[in-house]
Amino acid sequence: MDLGLQFGRARRRLTYLIYRTLLRSVGFKRARMLGGWSGELQFRLFWRQRHRLQRDVALILGRRSDDPYVVELLHEAYRVNNGAALEIMAMFDRRQDEHDLAACCELDGLEHLREAMAAGRGAILLATHSGNALLTTIRLAQAGWRISVVYRDARMMSEGFFQDGLEQYGIQAILANGGIRAYGQMLTALKQGRIVFVMMDQGVKQAEDGLMQRFLGKDLPMPAGPAQLARASRAPLLPLVTTAVSPVWRFEVRPQVALTGDTLESDVAFLVGVTEQQILAYPKFWSWHHRRWGKSRLAPVSTRS
């Protein structure tokens with residue numbers, strides 16, 4: 001293995017262990033504040049990364065890279081999503097009181113979810129890495145909805161971190177890396193009338209595991225799973241949008257979107273467009289500095305739409 005890759009993984013693992021130790025000391029209620037400080041430091045100290053992101057985001061939004069709006073957008077995104085990451089670590093590392101967690105999250109648009117679930121095919125909830133959207137799954141589970149969360153393993157986390165963390169709140173965990181087995185679990189969950197919570201806004205690591213799509217100005221291999229799942233199950237698919245981050249997280253379930261393409265590729269492209277709309281409606285809340293999108297190069301100007 002490349003030494004640089006080994007070093008990067010070791011550094012992320014050490015960072016995880018340090019934050020886990022700190023979180024066990026300060027508790028869930030202070031996790032978001034701690035994450036905000038972490039985002040502030042990352043924004044100020046890693047200036048090369050920040051300048052690269054400013055340039056990319058500015059080009060996507062049609063602004064100058066030194067535009068104060070772009071700078072503040074990224075500043076807020078660092079604080080918001082580092083805070084969300086530490087909240088997630090805290091609530092899955094050790095079980096928290098579900099009423100306390102539910103009080104940190106407001107969820108609008110439940111009428112759309114109820115209407116979709118009435119068809120008896122379950123529902124697919126399409127979220128993004130914008131704040132702590134996983135709080136919505138705990139709130140829904142607490143209200144009696146049956147929830148399944150599709151997640152990807154992170155090497156820096158302890159083994160079983162997400163699976164054990166989700167299951168302690170009565171939420172089914174489905175490992176996306178499980179291939180055909182994971183797909184079968186998702187189909188079964190929908191047949192059982194469950195809500196399947198998925199994300200597709202960070203692409204996939206290996207190009208052969210996804211379909212190349214233009215996503216926020218960059219050509220990335222995007223997961224085909226959500227589109228394939230909706231096509232096979234005929235389950236309604238509803239976007240979940242982050243609309244506010246303070247004083248509590250606020251999310252909205254939007255009306256279901258209909259896949260209209262004749263091919264899987266066209267349906268993936270459609271959902272990529274839906275996801276872009278979710279993000280660009282509230283760009284200050286999305287994790288622009290996530291390494292999978294952040295480290296990719298913008299497509300050449302002549303080929304960008």
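**Figure 1. Glu 252 and its salt-bridge partner.** Glu 252 is partly exposed, with a relative accessibility of 24%, on a scale where buried means under 20% relative accessible area, exposed over 50% and partly exposed in between (1.4 Å probe, protein chains only). Its side chain meets that of Arg 254 in a salt bridge, 3.3 Å from N to O; the term stands for a side-chain nitrogen of Lys or Arg within 4 Å of a carboxyl oxygen of Asp or Glu. Arg 254 is partly exposed as well, at 26%. A word on what you are looking at: this is a predicted model, in which local features need pLDDT of at least 70 and side-chain atom pairs count only at pLDDT 80 or more, while totals for chains, interfaces and linings use all residues. Residues are numbered from 1 along each chain as its sequence is written, and side-chain values use heavy atoms, leaving out hydrogens and water.

Figure 2. Strands are DSSP runs (E, at least two residues), as are helices (H or I, at least four), both numbered from the N terminus, and two strands pair if DSSP finds at least two bridges between them.

Figure 3. Strand β3 (residues 147-151) runs parallel to β4 and is joined to it by 4 bridges. Look for Val 149, whose bridge partner in β4 is Ala 173.

Figure 4. Arg 24 pairs with Asp 93, their closest N and O atoms being 2.7 Å apart. This pair links distant parts of the chain, as Arg 24 sits in helix α1 (residues 3-26) and Asp 93 in helix α4 (residues 68-93), 69 residues apart. Arg 24 is partly exposed at 40%, and Asp 93 is partly exposed at 22%.

**Figure 5. A pair and a network.** Arg 214 and Asp 219 meet through their side chains in a salt bridge of 2.4 Å, N to O. Elsewhere, a network of salt bridges links Glu 40, Arg 44, Glu 72, Glu 76 and Arg 79. The whole structure holds 15 salt bridges.
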